[in-house]
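Me: I would like to learn how to read a model of this kind, feature by feature. Could we go through it together, with the general idea before each case?

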Amino acid sequence: MDIDFKEYQLRCELHGHQDDVRGICVCGSEGIATSSRDRTVRFWSPEGRRFVSSKVLLGHSSFVGPLAWIPPNSEFPQGGVVSGGMDTLVFVWDLNTCEKVHSLKGHQLQVTGIAIDGADVVTSSVDCTLRRWRNGQPVETWEAHKAPIQAVIKLPSGELVTGSSDSTLKLWRGKTCVHTFEGHSDTVRGLSVMSGLGILSASHDGSLRLWAITGEVLMEMVDHTAIIYSVDSHASGLIVSGSEDRFAKIWKDGVCVQSIEHPGCVWDAKFMENGDIVTACSDGVVRIWTVDKDNAADEIELDLYASQLSEYKSSRKRVGGLKLEELPGLEALKIPGTTNGQTKVVREGDNGVAYGWNMKEQKWDKIGEVVDGPEESNSNRQFFDGIQYDYVFDVDIGDGMPIRKLPYNRSGNPYDVADKWLLKENLPLSFREQIVQFILQNTGQNNITFDASFHDPYTGSHAYVPGQPSRMSDISAKPTFKHIPKKGMLVFDVAQFDGILKKITEFNNVLQCDQEKQKLSLTELNVSRLGAIIKILKDTSHYHSSKFANSDIALLLNLLRSWPKGMIFPVIDIVRMLVLHPDGAILLHKHFEAENDILIEVIKNVTVSPTIPSNLLTSIRAVTNLFRNSCYFNWLQKHRSEILDAFSSCSSSSNKNLQLSYSTLLLNYAVLLIESKDQEGQSQVLSAALEIAEDENIEVDSKFRALVAVGSLMLDGLVKKIALDFDVLNIAKAAKGSKDSKIVEVGSDIELLTKQN
């Protein structure tokens, strides 16, 4: 098929998804499959120039990403769809029944790519592996890169190609890498086959490349202004790409011939067989674009889309880091200021105007108009004393003195800025180099050389500053992080002991009345012994000296093993508090290290479906409390994967207490794994925490703890790149839109981290 290039126009919009549309799969002439952050896969069937949502595939517990099409065959008479999600699962769907035929479990982190290889399914993941599946069973697994894999495709010749966060592509023949393609300077996010020519790649570095199979770069295409997420080609020779810059761009012979603007990030873009283009946008809408005038949208639809774009750009316009629409009106100037020089930005028409409070004359003086462009690149600029800066850092000079603000623009010379700031704050000039290094590190300018020759901006020489101390250790400059890194562990240390003992007595009476289970009941002596255990736990003022007998521990463990599943939660609750007692923790620890690990047995028992909420809650809190005592650290790391997998269902529970307990468990694990430099463990916790952070139904405190875990892990640095590949910036921006102040603050912490090298 050969077509001359014509301008693409909107054909139709497909509404149905409730969140970002992440992936597209063109299913021959049968229709289109799309995936979304709303955890669904939708199948759209053609109906004239439009498409209608004919099937909704439900099963993923987190956002769905890559999709692949299985053409109709004897097993799938109407074809099939394969989907991969952030929940680490891969599902094979029969479109005839809309049922899952296979659930492919094995990846440890988000599934990022799917390729169909004959009867096999090949999947890639952030866990750095490729996995091959056949008839629903794993066939082989291998580590294909040392960094997260972002995409996998199959070539007509049968080889596989992968793209990774290590900035390379790899060509695979079986499990053997036959060539590594090097050239991109950042993550390779999208791949596609260019028929008869080679391989197309899309990168976070903002470029597209066409590679020959031999590794030679045949063409480089640069026109996007942000991360490129996807690329696809058509038999006509056209190429389409989707980017965070909100454009789908169409390329011919290496030149961008059209840019199609969207009201949000373009996550994916694919060609249909007839040359039409399908785009997936962060506004939750799927759009189809065509060069066929007979299929194009009518004037009303086109005007409506133009209006959507205009409204979106207007809503994104920012002044001083704030949305224009969120600024107060002129009526805000009727409220007097509180300090001289206090600044306030108000909306006047389509602009923001800064005013400063004049304490002497008791009025607001106009400073001037503040105009940021509509693009996000300006949204992080901050105000200080009525002036915009790229950064406004907090500087802690110690000794109980108030935090000082240090404003800085990237265009400035850090030495000049440091000199003027130190003099303005009446601080020793000997701190100059320390302040400069702080500025360079936190603005990503470490490798830039500036003129460091000192010139006192006020006196013209090496001025003497009265009262200058002789040491520099009293000052420390730090970025404006409010909630990260998290230090120390959180525990659940409140218990209703009387209620616990009452419930155990109640259950014991039930057992005594049941002839078959009477032998499981406690003797009067054992009930008394439990009362004595609880009395010790209640008396926190004597924790340093009180002791337990080995028989006390044996009694509790016996109950955990022998009592019916529906009756053990008050016993688990006693164990939860026991591990916070110094002597109790040590005695119990001996049993955890034994071959028949009782706690792992309990965890497996209470998390097997059907689950009992009270069992889940007490057991996850008991495990969380183990972080209080370092003797459990090895055990917690050894069983980390089992524990997190077992309790993962708590994140999607409607029970707010379960949500909070799971988030706390993740936060404690983050602190522990940062300390032990466990990158694999950090990756697993990061993935789980991000899943909570992006869920709109999660309770505020749970989301806050998950975000703190994310920020702390990113600050440590081992998994920061993975977090960026997980679109953590979008999650941070969403957090900044919260009504809860602490969510906003930790969102700002994470956003600042994404800007630092």
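Me: Which residues in α6 meet which residues in α8?

Reply: A contact here means heavy atoms within 4.5 Å, and helices (H or I, at least four residues) and strands (E, at least two) are DSSP runs, numbered from the N terminus. In this predicted model, Asn550, Ile553 and Leu557 of α6 meet Leu587, Leu588 and His591 of α8. By class, that contact has four nonpolar, two polar and no charged residues, where Ala, Val, Leu, Ile, Met, Phe, Trp, Tyr, Cys and Pro count as nonpolar, Asp, Glu, Lys and Arg as charged, and the others, Gly among them, as polar.

Me: At what angle do helix α6 and helix α8 pack, and how far apart are their axes?

Reply: Two packed helices are described by the angle between their axes and the distance between the axes. The axes are lines fitted to C-alpha atoms, for helices over the stretch in contact, and angles run from 0 to 180 degrees between N-to-C directions. Helix α6 (residues 550–562) and helix α8 (residues 582–592) pack at about 55°, with their axes 10 Å apart. Angles under 35 degrees count as roughly parallel, over 145 as roughly antiparallel, 65 to 115 as roughly perpendicular and the rest as oblique, and α6 and α8 are therefore oblique to each other. A crossing is left-handed if the near helix is turned anticlockwise from the far one by less than a right angle, and right-handed if clockwise; α6 passes α8 in a right-handed crossing.

Me: How do the axes of α17 and α18 cross?

Reply: The axes of α17 (residues 728–736) and α18 (residues 741–755) come within 7 Å and cross at roughly 150°, which makes α17 roughly antiparallel to α18. The crossing of α17 past α18 is left-handed.

Me: Where does the cis peptide bond from Ile484 lead?

Reply: That bond runs from Ile484 to Pro485, with omega near 0°, and Pro485 lies in the loop between β38 (476–478) and α4 (497–512). A cis peptide bond also joins Ser609 and Pro610, and Pro610 lies in the loop between α9 (598–607) and α10 (613–625).

Me: What average pLDDT does the protein chain have?

Reply: The pLDDT is the predictor's confidence in each residue, from 0 to 100; the protein chain averages 85, and 86% of the residues score at least 70. Over residues 453–477 the pLDDT is below 50, and this stretch has 43 contacts in the model beyond near neighbours in sequence.

Me: What conventions lie behind these values?

Reply: Residues are numbered from 1 along each chain as its sequence is written, and side-chain values use heavy atoms, with hydrogens and water left out. Because this is a predicted model, local features need pLDDT of at least 70 and side-chain atom pairs count only at pLDDT 80 or more, whereas totals for chains, interfaces and linings use all residues.
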